[in-house]
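Subject: Structure for you to look at

Hello,

Here is the structure I said I would pass on. Please open it beside this email; my notes follow below it.

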Amino acid sequence: MDQSSKLTFESHPSKETSSDDNDEPNNQASDFKVGTKPNLAQEKQQTDIEKFYKAKEFLENILKEMHFENVSVIGNLEGSIIKLDAKVTEEDTGIAIGKGGATLDAIELLVRKSIDSRANNLRVNIDINNYKKRRDEKIVELAADTAKKVQRSKKSWNLKYMNSYERRLAHEEISKYQNVASHSEGVEPKRYVVVEYISEDE
């Protein structure tokens, strides 16, 4: 991805800065204006950048309101995806993430609503202390192991209940294996992936 479609931003624990170092969202976004009559794509990019800064600031404020110390947030704006990775102390990790990632999911929902992400077709992906990254790796590993098991046994297997994002990861991994297919069954929140054997004759 070229630099025009991926922008990276960082923030760290607050420190004293002069007025010349002001990091206000509107000032940052103005750096990306091109000409006096931007086209629709340029206008959308500017709006996306403004929403990125708003989402990033909102996330920082939420974590600080939860009385976490030494909060830092880095972020990428990749196309229409806002990715924010937050760091809190090891002692605060469990509270920030919650059981099964419930608190993290709630924080992500609040951030999405704060910028009205649907209005600009933006996706928001928030992680705290690499929790989602580790969870994603486990899901991919589970999907791969199950696909191999189905290949050997020629019998169908069901994965655990997953949300839509997790199921998509599983489907993508399973699609890499021959004679194996997958589909989803059930009703949210008890929807799961079924991995089945497909013979070469079919």
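K132 counts as buried, because its relative accessibility is 8% and buried means under 20% relative accessible area, exposed over 50%, and partly exposed in between, with a 1.4 Å probe and protein chains only. K132 forms a salt bridge with E108, and the closest N and O atoms are 2.4 Å apart. A salt bridge here is a side-chain nitrogen of Lys or Arg within 4 Å of a carboxyl oxygen of Asp or Glu. K132 lies in helix 5 and E108 in helix 4 (residues 102-114), so the pair ties together parts that are 24 residues apart in sequence. E108 counts as buried too, at 11% relative accessibility.

Before the rest, two notes on the source. This is a predicted model, in which local features need pLDDT of at least 70 and side-chain atom pairs count only at pLDDT 80 or more, while totals for chains, interfaces and linings use all residues. Residues are numbered from 1 along each chain as its sequence is written, and side-chain values use heavy atoms, with hydrogens and water left out.

The chain as a whole

The protein chain has six helices and seven strands. Helices (H or I, at least four residues) and strands (E, at least two) are DSSP runs, numbered from the N terminus. Starting at the N terminus, their order is β-α-α-β-β-α-α-β-α-β-α-β-β. The protein chain has 202 residues, of which 37% count as buried. Contact means heavy atoms within 4.5 Å. Among contacts between residues at least 6 apart in sequence, 62% join residues at least 24 apart.

How many salt bridges does the structure hold? There are eight. One of them joins E173 and K176, with the closest N and O atoms 3.1 Å apart. E173 is buried at 10% relative accessibility, whereas K176 is exposed at 62%. Salt bridges that share partners also join E108, R112 and K132 into one network.

Another salt bridge is formed by E188 and R167, whose closest N and O atoms are 2.9 Å apart. This pair links distant parts of the chain, 21 residues apart: E188 is in the loop between strand 6 (180-187) and strand 7 (190-197), and R167 is in helix 6 (residues 164-174). E188 counts as partly exposed, at 43% relative accessibility, while R167 is buried at 8%.

Backbone details

The loop between strand 6 and strand 7 also holds P189. The peptide bond from E188 to P189 is cis, with omega near 5°.

Which residue has a phi near 55°? N70 does, and this is a positive value in a residue other than glycine. N70 lies in the loop between helix 2 (40-65) and strand 2 (72-78), and is exposed, with a relative accessible area of 53%. N130 is not a glycine either, yet has a positive phi of about 60°. N130 sits in the loop between strand 4 (123-128) and helix 5, and is partly exposed at 32% relative accessible area.

That is what I found.

Regards
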